[in-house]
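Trainee: I'm new to this one, so could you walk me through how some of the helices pack and then where the pockets are?

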Amino acid sequence: MMDVLGIWVLPSMVVLIVVFGLFKKVRVFDLFMSGAKKGLMTVYELLPTITGLVVAVTMLRASGGMELIAKAFAPVAALLGVPEETVPMALLSPVSGGGSLTLFESVLKSDGPDSFLGQVASVLMGSTDTTLYAVTVYYSAIGIKKTRHTLYAGLAADFASFVLSPFFVQLTLYR
């Protein structure tokens, strides 16, 4: 039942929008073309920002810089009770969702999803965001140059997720 429903939802919405537009005497195709043109211009404007971010993350990982930074933060993680294996994921998560997802998958493959480390990594993955990516891409798309407190608040939330993930796993799953 849901498979059939799922197949027809999107086409039905498209037909509904076109019929509604025709009913309201709106030039649907012209508006569609205008929106597509604006979308492509947005992609064109964001391409240098996204390319720079991807190149920087790739260079950091390929050069071994990520592992070096993670080792530097390992004593702080141990002091806070955070598993050392989640440090690279926590460092990469604000910058690259794909990169942190790769590290997350490796944790799940090596330790399993039901292990303490797997559960901490799962909570961390679900509670952090690609803060630097989001601020860079979305603010540059609308021309905001001064981010004020957005960046600091986002990074503080990511840090809180890093510190509190093992605590909440202990609290809820290991009572």
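This is a predicted model: local features need pLDDT of at least 70, side-chain atom pairs count only at pLDDT 80 or more; totals for chains, interfaces and linings use all residues.

Trainee: What about α5 and α6, how do their axes sit?

Mentor: Helix α5 spans residues 97-111, and its axis and that of α6 come within 9 Å, crossing at roughly 160°. Since angles over 145 count as roughly antiparallel, that is why α5 is described as roughly antiparallel to α6.

Trainee: Is that crossing left-handed or right-handed, then?

Mentor: The crossing of α5 and α6 is left-handed. On the α5 side the contact involves Gly 97, Ser 100, Leu 101, Phe 104, Val 107, Leu 108 and Asp 111, and on the α6 side it involves Leu 117, Gly 118, Ala 121, Ser 122 and Met 125.

Trainee: How do those divide by class?

Mentor: The contact of α5 with α6 has 7 nonpolar, 4 polar and 1 charged residues.

Trainee: Okay, switching to pockets: how much space lies in the largest pocket?

Mentor: The largest pocket holds about 290 Å³ of space. It is lined by 13 residues, and those closest to its centre are Phe 73, Ala 90, Leu 91, Phe 159 and Phe 162.

Trainee: Which elements give two or more residues to that lining?

Mentor: Those are α3 (65-80), α4 (87-92) and α8, and the largest share, 4 residues, comes from α8. By class, the lining of the largest pocket divides into 11 nonpolar, 1 polar and 1 charged.

Trainee: And what lines the second largest pocket?

Mentor: With about 160 Å³ of space, the second largest pocket is lined by Arg 61, Met 66, Glu 67, Ala 70, Lys 71, Ala 74, Glu 84, Glu 85, Val 87, Pro 88, Leu 92 and Leu 103. The elements giving two or more residues to this lining are α3 and α4, and α3 gives the most, with 5 residues.

Trainee: How many of its lining residues are charged?

Mentor: In the second largest pocket, 5 of the lining residues are charged, alongside 7 nonpolar and no polar ones.

How values were computed
Residues are numbered from 1 along each chain as its sequence is written. Side-chain values use heavy atoms; hydrogens and water are left out. On a 1 Å grid over the protein atoms alone, a cavity is a set of points where a 1.4 Å probe fits but cannot get out, and a pocket is an open set with protein on both sides within 12 Å along at least five of seven lines; lining residues have an atom within 4 Å of a point. Grid points are joined across faces, edges and corners, and a volume is the space filled by probe spheres set on the points. Ala, Val, Leu, Ile, Met, Phe, Trp, Tyr, Cys and Pro count as nonpolar, Asp, Glu, Lys and Arg as charged, and the others, Gly among them, as polar. Axes are lines fitted to C-alpha atoms, for helices over the stretch in contact, and angles run from 0 to 180 degrees between N-to-C directions. Angles under 35 degrees count as roughly parallel, over 145 as roughly antiparallel, 65 to 115 as roughly perpendicular and the rest as oblique. A crossing is left-handed if the near helix is turned anticlockwise from the far one by less than a right angle, and right-handed if clockwise. Contact means heavy atoms within 4.5 Å.
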